[in-house]
Amino acid sequence: MEKTTVEYAQHLDEKDVLAHFREEFYLLEDKIYMDGNSLGLLSKRAEKVLLELLHSWKSLGIDGWTDGAHPWFYLSEFVGKKMAPLVGGQSNEVIATGSTTTNLHQLVATFYKPSGKRTKILADELNFPSDIYALQSQLKLKGYNPEEHLVRVKSRDGRFLKEADIVDAMTEEVALIVLPAVLYRSGQVLDLSYLTQEAKKRGIPIGFDLCHSIGTIEHRLHKQEVDFAFWCTYKYLNGGPGSVGGLFVHEKHFGTMPGLTGWFGSDKAVQFDMSHTMTPAQDASAFQIGTPHVLSLAPVVGALALFEEATIQRIRKKSLRLTEYFLMLIDVELKGYGFTIGNPMDETRGGHILLEHQEAARICKALKAEGVIPDFRAPNGVRLAPVALYNTFEDIWQTVQILKRILDEKRYERFENKRGVVA
Ligand SMILES: Cc1ncc(COP(=O)(O)O)c(C=O)c1O
Ligand SMILES: Nc1c(O)cccc1C(=O)C[C@H](N)C(=O)O
């Protein structure tokens, strides 16, 4: 069968062992959703648990903390256990709490211990702005000038990072390393094993932002001896806008006093003793600060049940096949239209692809007008994420046809080449 036909796409969908998960989601009517790497779709199970937790509040009041289907007092630990297989952590090394940025603040406050010549934080110039802002402010809190003490490894081409360049920057002046596991623009997957080993040789703690990797690639954080990691749950995990994030702290650091303390980091057995001397939990729970955002955690419970069934191994396998198929069609159908592929072509690509084009902002607007939801990333990127749990091969086939039509008929010219408020 000719690989560029819709029949071939349908044939791939028929053979897809994860195809039935699509029915678990509320798909947007008459739309092809390709933005699950920014905000995943609502699943029926996520909705169900949210309603159950609203009901526990309605029917139990304060007793919801300890009673009901999902007692709130233990919910963060429960969700942590469910997320642990997705990051390759032990159950007590993972906790659901905070947001990506607040968790980063917590972890830097804990693991950044400048002393003597070792005062710098090593990051990279392609990292997400919020991470950079957090690192800059943590340096300022310790009295250091971020201009001098935040080292950002340069990209050679504006898209990718070379692990060798990162290792070269691990000097005797570096006190902490924070990097993404998957880059938010190009989708490059960094070699966490190698980077962690090299950091370890030099005695530098290292942590990773998993926002663009959790739920789409496999992780082995415990085995790799990564010191810490943090992530959100609203992208590939489909927890909903602003859903509670997560963090991992390797068990070798259990007992380290968190940099930012609050009573929800306490050993649960004594939390309500109301002592002014904190007794921190002896695992990742200690890194919580205040009362969990229960209603923003609820959908994550339901959403994670799907990952337990699908397994991250099968999800990664399908995700790679989806992006491979996407790239094959782009190569055949969109040659000569001015696109440059901005993601890695080999298996160091994450869950999304990046098409660079000088008209990218208005191509995104035209795609939306034609029913395809991508996102635009400045200055010239169209990000498209075919998500293993709910996208089909046919979605990809349709998207490429629509892109071709938009370019052939110059439909993008109806729009201004400027990003929207939330691009
Ligand atoms: C890599 C990365 N880091 C940090 C953030 C910020 O996350 P939050 O706003 O949930 O703190 C995002 C997404 O917004 C992200 O993609
Ligand atoms: N966190 C977001 C938000 O609050 C509004 C709109 C988008 C986002 C995102 O997550 C963007 C995403 N981190 C990115 O990779 O660009």
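Select glycine 203 to begin: this residue follows helix H8 and has a positive phi, near 70°. Helices (H or I, at least four residues) and strands (E, at least two) are DSSP runs, numbered from the N terminus.

The model is predicted, so local features need pLDDT of at least 70 and side-chain atom pairs count only at pLDDT 80 or more, while totals for chains, interfaces and linings use all residues. Residues are numbered from 1 along each chain as its sequence is written, and chains are lettered from A and ligands numbered from 1 in the order in which they are written.

**Helix H8**

Step back to residues 192-201, which form H8, and colour its buried residues: Leu192, Leu195, Thr196 and Ala199. Buried is used for a residue with 20 or more other C-beta atoms within 10 Å of its own, exposed for 12 or fewer, and partly exposed for values in between, with C-beta atoms placed from the backbone. Look down the axis of H8: the buried residues lie within an arc of 95°, so they line one face of the helix. That arc is taken from the directions from the helix axis to the C-beta atoms. An α-helix has 3.6 residues a turn, so residues three or four places apart point the same way. Covering the buried residues of H8 are, among others, helix H7 (163-168), strand S5 (174-180), S6 and helix H9 (221-224).

**Strand S7**

Next select S7, residues 228-231. Phe228 and Phe230 are buried on one side, and Ala229 and Trp231 are buried on the other. Strand S6 (residues 206-209) runs parallel to S7 and is joined to it by three bridges; strand S8 (residues 246-249) runs antiparallel to S7, with four bridges. Two strands pair if DSSP finds at least two bridges between them. Alanine 229 is the bridge partner of phenylalanine 208 and stands opposite phenylalanine 248 in S8.

**Lysine 235**

Move to the loop between S7 and S8, where lysine 235 lies. An unreviewed UniProt entry annotates Lys235 as "modified residue: N6-(pyridoxal phosphate)lysine"; such annotations may be inferred rather than shown by experiment. Why does lysine 235 count as buried? Because 28 other C-beta atoms lie within 10 Å. Not counting residues up to four places away in sequence, its contacts (C-beta atoms, placed from the backbone, within 7 Å) are Gly36, Asn37, Ser38, Leu39, Gly40, Cys211 and His212.

**The ligands**

Technical notes
Two residues are in contact if their C-beta atoms, placed from the backbone, lie within 7 Å.
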